[in-house]
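Work through the exercises below with the sequence and the model side by side. Try each task before you read its solution.

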Amino acid sequence: MTKLLKNALKSLLDSGRDLLPIVLVIGVFELLVLRQPIPNLLELAFGVLLVMVGLSLFVQGLQLGLFPIGEGMAHSFASKGSILWLGLFAFALGFGTTVAEPALIAVADEAARVAAEGGMIERDEESMGTYADGLRLAVALSVGVAILLGVIRIIFGWPVQYLILGGYIGVVIMTAFAPEEIIGIAYDSGGVTTSTITVPLVTALGVGLSTSIAGRNPLTDGFGLIAFASLTPMIFVMGYGMLIQ
Amino acid sequence: MSFLDQFFDILLSTLLDVLPIAAILFGFQYLVLRRPVPHLRRVLAGFALVILGLSFFLMGLERALFPLGKLLAQQLTDPAFLGIDPAADGLAAIDWTRYVWVYLFAAAIGFSTTIAEPSLLAVALKAQQVSGGSVGATGLRVAVALGVAVGIALGSYRIVTGTPLHYYIIVGYILVMIQTLYCPKPIIALAYDSGGVTTSTVTVPLVAALGLGLATNIPGRNPMLDGFGLIAFASLFPIMAVMAYAQIGDWYSRRLAKKSR
């Protein structure tokens with residue numbers, strides 16, 4: 001019991017250390033640069049405490065639940081030996097976790113407003129809604145394809161840099177043809193796709209797969225799935241912009 | 001009581017976020033793999049902790065850190081603080097040297113929010129584990145955070161000067177490709193991943209507030225067109241930073257080996 005308590009205390013202190021920079025930045029800028037008092041100091045302290053507790057619970061849960069189930073499933077799929085089912089699982093994981101992502105919903109709505117302002121689509125609720133939904137679907141599809149592609153890469157052991165290179169070239173070519181209004185949003189949509197729960201799962205999936213396939217190294221081959229998931233949305237969103245135009 | 005109401009709201013929305021993921025995981029586990037989950041009770045307890053932890057985390061952010069961060073971003077981009085008078089200054093208002101505090105704040109907020117980013121923590125823990133400790137979790141997180149700091153500072157400079165986003169991104173891509181050629185091979189995939197994990201729960205709302213504040217207050221900038229793109233910078237620069245971190249480590253250990261010979 002004392003060991004459990006000690007561990008909990010240690011992870012709480014770790015989280016505190018992680019948060020210290022934010023508190024310092026806010027304090028220094030507010031007090032020294034802007035020379036304004038910090039509003040609601042008590043509320044701030046309480047909020048920081050909540051964030052600390054939350055972060056340490058999250059890490060505990062990661063080690064206990066998310067990492068083991070991701071790796072366990074990767075092992076089971078590898079020993080089952082069916083690439084088809086593994087691919088379907090990879091696609092479903094990418095698509096399913098992205099289509100409901102709150103950050104993406106926010107970005108899609110914003111993008112619809114930009115498009116209406118730029119005269120790409122009609123300025124009414126309905127066409128803006130359709131546009132936002134289409135954008136979300138495009139991003140979710142692209143993340144599904146990305147995870148699928150990443151898993152295929154791990155199975156065959158292709159070097160990650162060639163695929164990324166190809167992706168970059170794709171992004172540059174699309175940029176030349178895509179409508180200007182969508183470029184900023186397309187570039188940003190690559191960053192918002194990977195949520196806090198998806199990242200540990202996808203990482204565990206990649207590491208688990210490369211551990212169970214002979215000849216693969218978990219460090220060299222296991223990572224890279226998230227990189228694909230940040231790259232393909234840019235291409236798909238610019239493609240969507242060109243399609244709508 | 002509003003505190004509990006807010007907490008249950010956040011808990012519910014976190015639960016709804018996790019639901020599709022859990023459905024896919026358990027669906028494939030039981031319908032395709034047809035095997036029970038090993039240590040099911042521990043896994044479920046882990047999920048419960050993750051959901052509870054994220055709810056506390058988001059609650060704390062929304063109550064304390066986000067409002068303050070957004071207030072700071074507003075105050076720092078306020079024309080009065082920046083010393084801009086749109087009517088009198090004309091073109092001089094977009095002189096980029098006037099915004100030094102904004103760049104410094106952008107770098108500081110980029111660094112500090114990335115250190116606290118849970119997704120990055122998850123990837124760093126896993127990398128430390130599979131590399132047998134040769135890739136340290138803390139070193140990786142600091143490298144990524146430095147990359148985000150430089151990225152967001154440069155992104156703010158871009159908003160101030162109004163130069164096109166894609167030039168920066170394309171030059172960034174070229175640099176990444178060159179670095180890839182010279183970087184130690186085992187780290188490449190990890191470096192590429194670290195670009196995607198930096199921008200989620202903590203970083204995005206604060207950085208978006210900064211970008212929007214800048215684009216709104218600087219004459220000649222359109223928040224719709226120029227406010228975006230900071231996140232793209234924050235996804236590109238960590239890749240370079242992590243590869244540089246590996247390259248420096250590689251160079252240093254080779255120098256040590258040379259010395260000891």
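**Exercise 1.** Leaving aside its neighbours within four places in sequence, which residues is Ser142(A) in contact with?

*Solution.* Some ground rules come before the steps. This is a predicted model, where local features need pLDDT of at least 70, side-chain atom pairs count only at pLDDT 80 or more, and totals for chains, interfaces and linings use all residues. Residues are numbered from 1 along each chain as its sequence is written, chains are lettered from A and ligands numbered from 1 in the order written, and side-chain values use heavy atoms, without hydrogens or water.

- Step 1: find Ser142(A) in helix H5 of chain A. Helices are DSSP runs of H or I, at least four residues, numbered from the N terminus.
- Step 2: list the contacts (heavy atoms within 4.5 Å). Ser142(A) touches Thr232(A), Pro233(A) and Phe236(A).
- Step 3: check burial. Buried means under 20% relative accessible area, exposed over 50%, partly exposed in between, with a 1.4 Å probe and protein chains only. Ser142(A) has 0% and is buried.
- Step 4: look at the side chain. One of its polar atoms lies 2.6 Å from the backbone oxygen of Val139(A).

**Exercise 2.** Why do the rings of Phe91(A) and Phe95(A) count as stacked?

*Solution.* 

- Step 1: recall the rule. Rings of Phe, Tyr and Trp (its six-membered ring) pair if their centres lie within 6.5 Å; planes under 30 degrees apart are stacked, over 60 edge-to-face, and the rest tilted. The whole structure holds 15 aromatic pairs over all chains.
- Step 2: apply the rule. The centres are 5.9 Å apart and the planes at 15°, so Phe91(A) and Phe95(A) are stacked.
- Step 3: An α-helix has 3.6 residues a turn, so residues three or four places apart point the same way.
- Step 4: Phe91(A) is partly exposed at 26%. Phe95(A) is partly exposed at 23%.

**Exercise 3.** What kind of aromatic pair do Tyr131(A) and Tyr240(A) form?

*Solution.* 

- Step 1: take the geometry. The distance is 5.5 Å centre to centre, with 45° between the planes, and the pair is tilted.
- Step 2: Tyr131(A) is in helix H5 (residues 125-156) and Tyr240(A) in helix H10 (residues 225-244), both of chain A, so the pair ties together parts 109 residues apart in sequence.
- Step 3: check burial. Tyr131(A) is buried at 3%, and Tyr240(A) is buried at 12%.

Key
Helices (H or I, at least four residues) and strands (E, at least two) are DSSP runs, numbered from the N terminus. A polar contact is a pair of N or O atoms within 3.5 Å; within protein, one must be able to donate a hydrogen and the other to accept it, and residues adjacent in sequence count only if both atoms are side-chain atoms.
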